[in-house]
Amino acid sequence: MSDRDASLLGFVLKERSLLTKRDEVSGNEELVYSLKFSVKNVGALQYRVGDSLAILPENDPEAVDALLDALSLRGESPLLDPRTNKVFDAKTFLTKRADLDRLSEFSRSLFSEESCVQKDGRKVSLRELLLEYRPKIRLEDVTSLFSPLLPRFYSIASSPLWDRDSLELTVRSILVKGAHSSWPGVCSSYICNRIQENEEIQGYISPTQHFTLNENNQGKPLIMIGAGTGIAPYRAFMQERLYLQERAKNYLFFGERKRNSDFYYEDFWQRCCDQELLEVHLAFSRENDQKVYVQDKVLEKSAQIQNACASGAHIFVCGSKLMGAEIRKTLEIILGKETFKEFRKTKRFVADVY
């Protein structure tokens, strides 16, 4: 048994609510949800703020049925998974074990390089190739078509001190754009749209090493910078600071598209501000003709950031890799390259980017 298998827990969906204000968005927008899970085994849940929940997703049943048809497979056909040396029926294998999009070495050999890459450089997914070409594959070779279906990681948006028996996630239900078609994200559609309340999923806690609250930053200001669902761990941070009644001043820099639809957990942040624990600086890129991003707000508040850092502040960044790169450039300007280098070395600056 692997370490991951040994740490698997059953997580039961208790609540799911829409964070995006639906009346403010068009029908084709990607929506953001808050999901609350309890653990099936009472007392088994142990995590810190900054940790992630790794979820073992399941593929969309409609996509699985389409691929069974494309491969001329019966759902009950037995398949030996060489990675586990276990036999699964074909439907279960495609649902729980197979990445339907990433090409394996074997599947790549079945198609020409030209068919795998479009003029714009985007690679065709495996599902697109199988549905288009419908190759004839021997039953014993079917499992070799697919790479393993890997866990998806989501920052936990709650503190265990705030609620010891459950955890919360902030998840965007994404739409994957392939070269020829689009489909819902594998895990986000699974937990945001398909599972129902009181249904169980499988997952495990993925611990962070440095992106957390500890004795090094206790009682010191936090500068929390994020965009989109990168706001999730900061909700956990502030829940913990409220619970512990820490009085250090904190700063949240948050970027999204529109305030009316995309300011997630607004009431909670207002509560923190009312208690004079938090300053919030917002950047909404689609509010005006001139786009404003979170790095612009960070640069605008250079003096406050310098003062907070002089008081021992720790800086956290969570969100896309592109946003993270822009924030690093901005902080080098504000703090100076050598000072920022020292912040990184001493872990006063940490990032969780994806």
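Helices α8 and α10 pack at an angle of about 40 degrees, with their axes 11 Å apart. Angles from 35 to 65 degrees fall between the roughly parallel and roughly perpendicular classes, and the two helices are therefore oblique to each other. The model is predicted. Two open sheets are described below, one of five strands with parallel pairing and one of six strands with antiparallel pairing.

**Contact between α8 and α10**

- The crossing of α8 and α10 is left-handed.
- On the α8 side, the contact is made by Y234, R235, M238, Q239 and L242, and on the α10 side by F268, W269, R271 and C272.
- Sorted by class, the residues in the contact of α8 with α10 comprise six nonpolar, one polar and two charged.

**Five-stranded parallel sheet**

- The strand order in this open sheet is β15-β14-β13-β16-β17.
- Five bridges connect β16 (residues 314-319) with β17 in the parallel sense, and I315 stands opposite F349 of β17.

**Helices on the parallel sheet**

- Helix α8 (residues 232-244) lies across β13 (222-227), β14 (250-256), β15 and β16, and its direction is at about 150 degrees to β13.
- Helix α10 (residues 266-274) also packs on the sheet, where it touches β14 and β15 and makes an angle of about 140 degrees with the direction of β15.

**Aromatic pairs**

- The structure holds 14 aromatic pairs.
- In one of them, the ring centres of F211 and Y234 are 6.3 Å apart and the planes stand at 35 degrees, so the pair is tilted.
- This pair links distant parts of the chain, 23 residues apart: F211 lies in the loop between β12 (200-206) and β13, and Y234 in helix α8.
- Y234 is also one of the α8 residues in the contact with α10.

**Six-stranded antiparallel sheet**

- The strand order in this open sheet is β8-β3-β12-β1-β2-β9.
- The edges are formed by β8 (152-155) and β9 (166-172); each has a single partner strand, so one side of each is left without a neighbour in the sheet.
- From one strand to the next, the twist averages 40 degrees.
- Strand β2 (residues 32-39) runs antiparallel to β9 and is joined to β9 by seven bridges, with Y33 opposite V171 of β9.
- Helix α7 (residues 186-194) lies across β1 (9-18), β2, β3 (52-56), β8, β9 and β12, running at about 60 degrees to β8.

Conventions. Residues are numbered from 1 along each chain as its sequence is written. This is a predicted model: local features need pLDDT of at least 70, side-chain atom pairs count only at pLDDT 80 or more; totals for chains, interfaces and linings use all residues. Side-chain values use heavy atoms; hydrogens and water are left out. Two strands pair if DSSP finds at least two bridges between them. Helices (H or I, at least four residues) and strands (E, at least two) are DSSP runs, numbered from the N terminus. Contact means heavy atoms within 4.5 Å. Axes are lines fitted to C-alpha atoms, for helices over the stretch in contact, and angles run from 0 to 180 degrees between N-to-C directions. Angles under 35 degrees count as roughly parallel, over 145 as roughly antiparallel, 65 to 115 as roughly perpendicular and the rest as oblique. A crossing is left-handed if the near helix is turned anticlockwise from the far one by less than a right angle, and right-handed if clockwise. Ala, Val, Leu, Ile, Met, Phe, Trp, Tyr, Cys and Pro count as nonpolar, Asp, Glu, Lys and Arg as charged, and the others, Gly among them, as polar. Rings of Phe, Tyr and Trp (its six-membered ring) pair if their centres lie within 6.5 Å; planes under 30 degrees apart count as stacked, over 60 as edge-to-face and the rest as tilted.
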